[in-house]
Amino acid sequence: MITVVRDDREMAMSEPTGAEQLTTPQAENGLASADSLREVHATRGRKALDRAAAACRYAGVEEHDAQAVPRDPAAKAANALRLSAQVLAELHHSPLDPAADARCARNAAAAAAIAAQVARDHGGVTEPSAAAYRAALKASQAAMQAAGSDGMGRNEDLNADADAAEADALLAAQAAGWI
């Protein structure tokens with residue numbers, strides 16, 4: 001079983017771009033504060049991480065399956081889960097940067113998509129497992145859009161879309177019996 005540790009200190013999967021992100025035109029227009037955005041991204045990232053951990057448990061992927069250079073799907077899922085957990089654990093210790101925070105949530109959603117693929121393949125492709133995998137991919141893509149150059153973690157519409165896609169992915173994973 002994979003244990004999600006939220007207080008390890010390791011390097012992030014995506015490097016923050018620094019405080020310059022806080023002076024974008026969107027920030028000047030006051031779309032949302034960096035503090036509130038951090039919580040939005042951290043919450044979405046934790047939900048994706050929990051979904052990834054549940055899919056890994058379902059598929060029998062364990063912590064020791066993580067490898068420095070993962071080659072098989074189980075190792076990729078375990079490694080992605082481990083790295084995302086480490087990054088999210090450090091999020092509140094890093095400087096406020098909505099773009100970097102959104103990338104952390106994106107990485108967790110990508111880890112959940114990898115874990116969903118492993119869970120789908122482990123249990124046999126059924127309509128609920130295929131739907132859960134598609135929903136995980138959609139959540140990962142929505143998180144990518146929220147973190148991308150159009151949103152930089154600050155676009156409220158893209159963040160809302162990513163939050164909705166994450167909620168849908170959770171429901172689909174539950175329907176597939178992964179959670």
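Colleague: What caps the N-terminal end of helix 3?

Modeller: Aspartate 72 does, with a side-chain oxygen 3.0 Å from the backbone nitrogen of alanine 74; helices here are DSSP runs of H or I with at least four residues, numbered from the N terminus. Bear in mind that this is a predicted model, where local features need pLDDT of at least 70, side-chain atom pairs count only at pLDDT 80 or more, and totals for chains, interfaces and linings use all residues. Residues are numbered from 1 along each chain as its sequence is written, and side-chain values use heavy atoms, with hydrogens and water left out.

Colleague: And is helix 3 mostly covered or mostly open?

Modeller: Mostly covered, since 13 of its 18 residues are buried, meaning under 20% relative accessible area with a 1.4 Å probe, protein chains only.

Colleague: Changing topic, how many disulfides are there?

Modeller: The count is 0 disulfides, taking a disulfide as a pair of cysteine sulfur atoms within 2.5 Å. Cysteine 56 is buried at 1% relative accessible area, and cysteine 104 is also buried, at 7%.

Colleague: What lines the largest cavity?

Modeller: Its lining residues (those with an atom within 4 Å of a point on a 1 Å grid where a 1.4 Å probe fits but cannot get out) include Arg51, Ala112, Ala136 and Trp178. The lining divides into 8 nonpolar, no polar and 1 charged.

Technical notes
Buried means under 20% relative accessible area, exposed over 50%, partly exposed in between (1.4 Å probe, protein chains only). On a 1 Å grid over the protein atoms alone, a cavity is a set of points where a 1.4 Å probe fits but cannot get out, and a pocket is an open set with protein on both sides within 12 Å along at least five of seven lines; lining residues have an atom within 4 Å of a point. Ala, Val, Leu, Ile, Met, Phe, Trp, Tyr, Cys and Pro count as nonpolar, Asp, Glu, Lys and Arg as charged, and the others, Gly among them, as polar. Helices (H or I, at least four residues) and strands (E, at least two) are DSSP runs, numbered from the N terminus. A polar contact is a pair of N or O atoms within 3.5 Å; within protein, one must be able to donate a hydrogen and the other to accept it, and residues adjacent in sequence count only if both atoms are side-chain atoms.
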